[in-house]
Amino acid sequence: MSNFKRKYFEIWADEEAQNLVLKWILIFALIIILGESASLCVLALRHPDLVAVSEKETKLFTITPPKPDLLRAELDRTVTAYVLTHYNWDWNTVEKAHKDASKYVSDKFQKAFISSNEDQVKLAKEKKVVQRVYLEKPPEIDIEKMVAKITLDRIFSVDGIKATSPLSLEIGFEYGPRTSDNPEGIYVVSEKLITEVEK
C-alpha cells in the first residue's frame with residue numbers, strides 16, 4: 001500500500017503539497033517584480049539621447065551646463081519681457097497685460113502681484129489711461145543678489161493729455177521650473193519702485 005503512487009489530483013488535494021506549490025509561485029513572482037523594478041530604476045536614471053535629424057546630417061546632442069553669459073542673457077530677456085508686458089497697456093488691455101505678465105511671477109509673489117495691480121486697473125479704466133514704457137538702458141543685473149535694476153521712460157496719456165516721467169524699478173527674481181509659459185525658468189519674487197533719493 002505504501003508503494004502505491006498517488007495520482008496528480010490527489011497530490012494537489014494534499015494541503016502540504018499545495019502550500020509548497022504556492023510558495024514557489026510567490027518566490028518566482030517576487031523575483032520577477034524585483035527584476036522589473038531594478039530595470040525600471042536603471043532606465044529612469046539614464047539620460048535620454050537627443051538626436052537631431054536633418055537633410056544634411058544626423059547628429060547626437062551633448063548636454064552641457066549653461067555658461068554665465070547665457071544665464072545673464074536669459075535674465076536680461078526675462079526681466080525686460082516682464083517689465084514691457086506689465087507696463088505697456090491702455091484702459092482696454094490693462095487686465096490682459098497684467099495677466100500676461102503674471103506668467104513671469106513666482107507663485108509666492110502672485111497674490112501680492114494681483115492685489116497691487118487692482119487699484120491701477122480701476123484707475124486706468126475710470127480715467128481712460130494709456131501707458132507706454134521704453135527702456136532707457138539695458139537692465140543692471142546682480143546675479144549674486146538675484147536683483148535687477150531697470151530704468152524706463154514712461155509716457156502717460158489721460159484724455160488726450162500726455163505726460164512723461166522716468167520709472168526705476170528693482171526687481172528680485174529666483175530660478176524655478178522651465179515651462180511652456182516661462183521657458184527661461186526665471187520668476188519675479190519682488191518689485192520695488194526706486195525713488196530719486198535712493199538712486
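Colleague: How much of the chain counts as buried?
Modeller: Of its 199 residues, 25% count as buried, where buried means under 20% relative accessible area, exposed means over 50%, and partly exposed lies in between, with a 1.4 Å probe and protein chains only. Keep in mind that this is a predicted model: local features need pLDDT of at least 70, side-chain atom pairs count only at pLDDT 80 or more, and totals for chains, interfaces and linings use all residues. Residues are numbered from 1 along each chain as its sequence is written, and side-chain values use heavy atoms, with hydrogens and water left out.

Colleague: Thanks. How many helices and strands does the chain have?
Modeller: There are five helices and eight strands; these are DSSP runs numbered from the N terminus, helices being H or I with at least four residues and strands E with at least two. Along the sequence the pattern reads α-α-β-β-α-β-α-α-β-β-β-β-β.

Colleague: And what share of the contacts join residues at least 24 apart?
Modeller: That share is 49%, taken among contacts in the chain between residues at least 6 apart in sequence. Contact here means heavy atoms within 4.5 Å.

Colleague: Let's talk rings. How many aromatic pairs does a search of the whole structure find?
Modeller: The search finds three. Rings of Phe, Tyr and Trp (its six-membered ring) pair if their centres lie within 6.5 Å; planes under 30 degrees apart count as stacked, over 60 as edge-to-face and the rest as tilted. One of the pairs is tyrosine 82 with phenylalanine 113, which is tilted, at 6.4 Å centre to centre and 50 degrees between the planes.

Colleague: Where do tyrosine 82 and phenylalanine 113 sit in the chain?
Modeller: Tyrosine 82 is in helix α3 (residues 68-87) and phenylalanine 113 in helix α5 (residues 107-127), so the pair links distant parts of the chain, 31 residues apart.

Colleague: Are those two buried or exposed?
Modeller: Both tyrosine 82 and phenylalanine 113 are buried, and phenylalanine 113 has a relative accessibility of 3%.

Colleague: What about phenylalanine 109 and phenylalanine 113?
Modeller: They form a tilted pair too, with 6.3 Å between centres and 55 degrees between planes. The two are four residues apart in helix α5, so about one helical turn separates them. Phenylalanine 109 is buried, at 14% relative accessible area.

Colleague: Which residues do the ring pairs link into a cluster?
Modeller: The cluster consists of Tyr82, Tyr104, Phe109 and Phe113.

Colleague: Switching to helix packing: how do α3 and α4 cross?
Modeller: The axes of α3 and helix α4 (residues 94-101) come within 7 Å and cross at roughly 160 degrees. Axes are lines fitted to C-alpha atoms, for helices over the stretch in contact, and angles run from 0 to 180 degrees between N-to-C directions. That makes α3 roughly antiparallel to α4, since angles under 35 degrees count as roughly parallel, over 145 as roughly antiparallel, 65 to 115 as roughly perpendicular and the rest as oblique.

Colleague: Which residues make that contact?
Modeller: From α3 come Tyr82, Thr85 and His86, and from α4 come Ala97, His98, Asp100 and Ala101. By class, that is three nonpolar, three polar and one charged; Ala, Val, Leu, Ile, Met, Phe, Trp, Tyr, Cys and Pro count as nonpolar, Asp, Glu, Lys and Arg as charged, and the others, Gly among them, as polar.

Colleague: And how do α4 and α5 pack?
Modeller: They pack at about 160 degrees with their axes 10 Å apart, and are therefore roughly antiparallel to each other. Val94, Glu95, His98 and Ala101 in α4 meet Phe113, Asn117, Gln120, Val121, Ala124 and Lys125 in α5. That contact has five nonpolar, three polar and two charged residues.

Colleague: Now some threonines. Is threonine 78 buried or exposed?
Modeller: Threonine 78, found in helix α3, is buried, with a relative accessible area of 3%. Leaving aside neighbours within four places in sequence, threonine 78 is in contact with Tyr104, Glu184 and Ile186.

Colleague: Where is threonine 151?
Modeller: Threonine 151 is in strand β6 (residues 147-158) and is buried, at 15%. Beyond neighbours within four places in sequence, its contacts are Tyr134, Leu135, Glu136, Lys137, Leu167 and Ser168.

Colleague: Last one: is threonine 62 buried or exposed?
Modeller: Threonine 62 is exposed, with a relative accessible area of 63%, and lies in the loop between β2 (58-61) and α3. Its C-alpha atom is 8.2 Å from that of aspartate 49, 13 residues apart along the chain.
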